[in-house]
Amino acid sequence: MKRSTRIERLAGYYEDFAPDYVSTWKEIQHYEKQVRAFLREVVVDGTRVLDAGCGPGHLTRDLPASVDVVGFDIADGMLEIARKRRPHGAYHRHDYHLAIPRSWGRFDAVLALGTLEFCDDLGLVLENLARAMRPSGRMLVSIVERRPDVRLHDRAARPLSEVELSGVSMYLYTFAEQAEAIQRAGLLPRSYRHHPGWRHTEYDVDVLYALWDLEAPRGRR
């Protein structure tokens, strides 16, 4: 299946439960504490924040009005909610496999959380996000991790759901693959940690995360 077809099918899936997204996924994402700590550290008046795969904007909607938030997602329903909850933000339909438009400007902080499950080229996506960062900018990103000691982690891609999303895969990356993609994007790791995931009941597999705090080099142009 072509990537564009997969993205459209995935967008339609998320359209259906955009109003219930936060309540549906709150119990399995677990990273709100880390996001709050990251934002407290990097965000000051005038900071520009890029919220990749922003969903309904729940991670950044409460930032001060002096912070410039730009979010993007593939589902119009998600973007509609994000705009209502932060009317002074800017929200666009965009696929992270494509370059971030230059017209959006450059950013001091980037969030990419709970969204790279559907990234079929991690290096490309991290490069796209990194090119939108200012020198010394920071990125907090979660990546579905493939671990050889975990049952059913033998495959780099697994169907998300043959019942609801036939043909759409969830992509898992080993630590080595993640490190290679980060290096390809020209980003510097500040920290890496294992992160609680969730149980995929349809396939009886644990979905586990790596949480990275990354930095753009100071001399980056």
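This is a predicted model: local features need pLDDT of at least 70, side-chain atom pairs count only at pLDDT 80 or more; totals for chains, interfaces and linings use all residues.

Trainee: How many aromatic pairs does a search of the whole structure find?

Mentor: A pair of aromatic rings is described by the distance of the centres and the angle of the planes. Rings of Phe, Tyr and Trp (its six-membered ring) pair if their centres lie within 6.5 Å; planes under 30 degrees apart count as stacked, over 60 as edge-to-face and the rest as tilted. Here the search finds four aromatic pairs. Phe72 and Trp104 form a tilted one, with 5.8 Å centre to centre and 40 degrees between the planes. This pair links distant parts of the chain, 32 residues apart: Phe72 lies in strand S2 (residues 68-73), and Trp104 in the loop between strand S3 (90-93) and strand S4 (107-112). Helices (H or I, at least four residues) and strands (E, at least two) are DSSP runs, numbered from the N terminus.

Trainee: Is Trp104 buried or exposed?

Mentor: Trp104 counts as buried, because its relative accessibility is 10%. Phe175 and Trp212 give a stacked pair, at 5.6 Å centre to centre and 25 degrees between the planes. Ring pairs also link Phe175, Tyr192 and Trp212 into a cluster.

Trainee: Why does Phe175 count as partly exposed?

Mentor: Because its relative accessibility is 42%, whereas Trp212, at 4%, counts as buried.

Trainee: Where does the charged end of Arg48 sit?

Mentor: A charge sits over a ring if NZ of Lys or CZ of Arg is within 6 Å of the ring centre and within 35 degrees of the ring normal. The charged end of Arg48 sits over the ring of Phe107, 4.4 Å from its centre.

Trainee: Why is strand S1 (residues 48-52) largely enclosed by the rest of the structure?

Mentor: Because five of its five residues are buried. Two strands pair if DSSP finds at least two bridges between them. S1 runs parallel to S2, joined by five bridges, and parallel to S4, joined by four. Val49 has Val69 as its bridge partner in S2 and Ala109 in S4.

Methods: Residues are numbered from 1 along each chain as its sequence is written. Side-chain values use heavy atoms; hydrogens and water are left out. Buried means under 20% relative accessible area, exposed over 50%, partly exposed in between (1.4 Å probe, protein chains only).
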